[in-house]
Amino acid sequence: MNHRFHAFIAILFLLAAGFTHAADPYEEAYRQISPTQPTQTDDKIEVVEIFWYGCPHCYDFEPHIERWHENAPDDVAFRRMPAVLNQSWIPHARAYYTAAKLGVLEQIHKPLFDALHRERKRIFSESDLRDFFVSRGVDGGDFTRVYNSNEVETKIKQAYFMARNYKLTGVPSVVVNGKYMTSASMTGTYEKLIQVIDHLVEKER
């Protein structure tokens, strides 16, 4: 009788473990952000990709997140946020916000990734970035004006504080609705990272 009782208890534990796993099969692949951070899209589920142009993993992830973005549901709002984890990352963050302000992200975003990682060009300073923007058809004076503007400076500070509030430790990372964070290091593959993003979006619904 005692043996049967212990066997019964063991089965109950296995069943409980199975139900827990079934409830959230991705629970090890993301973490909850505490406290929840504000979003910029009140009426939609916000998905934020956090990246650095100098990061080879971000470059490899880019086609995956771009395909996902192209097919994102109507109730999802996607945006990018450059990471500011140290001083050397600031020029690239400024470049992203400069391109966004000038309306030339299409001309700059992917080409800058390609130039850094496929063509192995060293584009890390303001002068390097100015030359790159000019090579992509942007007026050099417009670049310098926006790159050093108060508006871009404010966005850099906001990105820094948001990364701190997210407790960001690396890139690429993705934040869903200011509540959950996942990353390539947590999921192991970019394909699984996309699956976790979809899972968290559904969780928010």
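## Salt-bridge network

Glu-49, Glu-62, Glu-66 and Arg-80 are joined in a network of salt bridges, a salt bridge being a side-chain nitrogen of Lys or Arg within 4 Å of a carboxyl oxygen of Asp or Glu. Across the whole structure, the search finds 14 salt bridges.

## Basis of the values

The model is predicted: local features need pLDDT of at least 70, side-chain atom pairs count only at pLDDT 80 or more, and totals for chains, interfaces and linings use all residues. Residues are numbered from 1 along each chain as its sequence is written, and side-chain values use heavy atoms, with hydrogens and water left out.

## Asp-114 and its surroundings

Asp-114 is found in helix α4; helices (H or I, at least four residues) and strands (E, at least two) are DSSP runs, numbered from the N terminus. The side chain of Asp-114 forms a salt bridge with that of Lys-110, with an N to O distance of 2.9 Å. The two residues are four apart in helix α4 (residues 105-117), so about one helical turn separates Asp-114 from Lys-110.

With a relative accessibility of 7%, Asp-114 counts as buried. Here buried means under 20% relative accessible area, exposed over 50%, and partly exposed in between (1.4 Å probe, protein chains only). When neighbours within four places in sequence are left aside, Asp-114 is in contact with Tyr-59 and Glu-119, where contact means heavy atoms within 4.5 Å.

## Partly exposed pairs

Glu-119 also takes part in a salt bridge with Lys-121 (3.3 Å, N to O). Glu-119 is partly exposed at a relative accessible area of 40%, and Lys-121 is partly exposed at 44%.

A further salt bridge joins Arg-205 to Glu-202, whose closest N and O atoms are 2.7 Å apart. Arg-205 has a relative accessible area of 47% and is partly exposed; Glu-202, at 48%, is likewise partly exposed.

## Crossing of α3 and α6

The axes of helix α3 (residues 90-102) and helix α6 (residues 140-147) come within 9 Å and cross at roughly 115°. Axes are lines fitted to C-alpha atoms, for helices over the stretch in contact, and angles run from 0 to 180 degrees between N-to-C directions.

On the α3 side, the contact is made by Pro-91, Arg-94, Ala-95, Thr-98, Lys-101 and Leu-102; α6 contributes Asp-142, Phe-143, Arg-145, Val-146 and Tyr-147. These residues divide into six nonpolar, one polar and four charged, with Ala, Val, Leu, Ile, Met, Phe, Trp, Tyr, Cys and Pro counted as nonpolar, Asp, Glu, Lys and Arg as charged, and the others, Gly among them, as polar.
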